[in-house]
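Let's take a friendly look at this chain together, starting with its charged contacts and then moving out to the fold. Have the viewer open as you read.

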Amino acid sequence: ISSMLLDLENVIGQIAKYGTINTNKIALIGHSQGGYISILHTSKDKRVKMIVLWMGRTADLKDFWSKTTFEDMKRKGYAIWDEYKVLNKKYVADSTKYNSESALRKIRVPIGMIYGELDIIVPPSEGFRVKKLAKGIKELKIFNDLDHGFTGEKVQKKIITTTLGFLKKWLH
C-alpha cells in the first residue's frame with residue numbers, strides 16, 4: 001500500500017510540475033484496490049478534485065479478513081486468495097498502517113461509484129460504506145450485470161459512459 005501511494009504521489013507531482021494537465025481538474029479512477037489507494041491518497045491531497053470507484057475496495061484488511069486468515073498468514077507467510085498465493089506478511093504488515101474509515105471521513109470531493117451485483121470480490125456494500133462515511137457529493141450506481149472483471153462489451157460501455165458522466169458533472 002505504501003509503495004502504491006508513493007507511486008501515485010509521484011505521478012500527480014510530475015503532472016503538476018510539468019503543467020501538461022489542468023491541476024484544478026485532477027480525478028482519480030480506481031478499480032478494486034485502486035479505489036482503496038485513491039481514497040487514502042485523496043484524504044491527504046487537496047489537488048484531487050474527485051474520485052470514481054470502479055468496484056472500489058473501501059475496507060481495510062482487518063474489516064474483511066477473518067481471524068483464521070490472519071493466523072494462517074502468520075503461520076504460512078502468505079495468504080491464499082482465489083487459489084493463488086497473493087499476499088505476503090510484508091504486504092499485510094504495511095496494510096495495517098492505514099485506516100480507510102478515517103480517510104473517508106476526511107474526503108470532501110465528489111465520489112462517483114460503480115458496483116456490480118455479480119461482483120463476488122468487492123460487493124456493492126463497499127459503495128454504501130462510502131455514502132455513509134465520506135462528506136460531500138456521492139453518487140452510487142449498481143449494475144445488475146456487472147462482475148469484478150468488467151466482462152462483456154455492453155457492461156464496459158456502461159462503465160465508461162457512467163464514468164464520463166461523473167467527470168462531466170463534477171469537473172466542469
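## Salt bridges

Searching the whole structure turns up 7 salt bridges. Keep in mind that this is a predicted model. One of the pairs joins Asp94 to Lys97, with 2.9 Å from N to O. Asp94 is buried at 13% relative accessibility, whereas Lys97 is exposed at 56%.

Another pair sits within a helix: Glu101 and Arg105 both belong to helix α6 (residues 100–106), 4 residues apart, or about one turn. Their closest N and O atoms are 3.0 Å apart. Arg105 is partly exposed at 38% relative accessibility, and Glu101 is partly exposed too, at 33%.

## A link across the chain, and a network

Which residue does Glu139 pair with in a salt bridge? The partner is Lys169, with the closest N and O atoms 2.5 Å apart. This pair ties together distant parts of the chain, 30 residues apart: Glu139 is in strand β6 (residues 138–143) and Lys169 in helix α8 (residues 153–170). Lys169 is partly exposed, with a relative accessible area of 40%.

Glu9, Asp45 and Arg47 are connected in a salt-bridge network.

## The overall fold

Stepping back, the chain contains 8 helices and 6 strands, in the order α-β-α-β-α-α-β-β-α-α-β-α-β-α. Its radius of gyration is 17 Å, close to the 16 Å from the globule rule for 172 residues, so the chain is as compact as a globular protein of that length.

Of the contacts with a separation of 6 or more, 67% are between residues 24 or more positions apart. Buried residues account for 42% of the 172.

Notes:
Residues numbered from 1 in each chain as written. Predicted model: local features only at pLDDT ≥ 70, side-chain atom pairs only at ≥ 80, totals over all residues. Heavy atoms only, no water. Helix = DSSP H or I, 4+ residues; strand = E, 2+ residues; numbered from the N terminus. Rg over C-alpha atoms; globule rule 2.2 N^0.38 Å. Buried < 20%, exposed > 50% of the residue type's maximum accessible area, 1.4 Å probe, protein only. Contact = heavy atoms within 4.5 Å. Salt bridge = Lys/Arg side-chain N within 4 Å of Asp/Glu carboxyl O.
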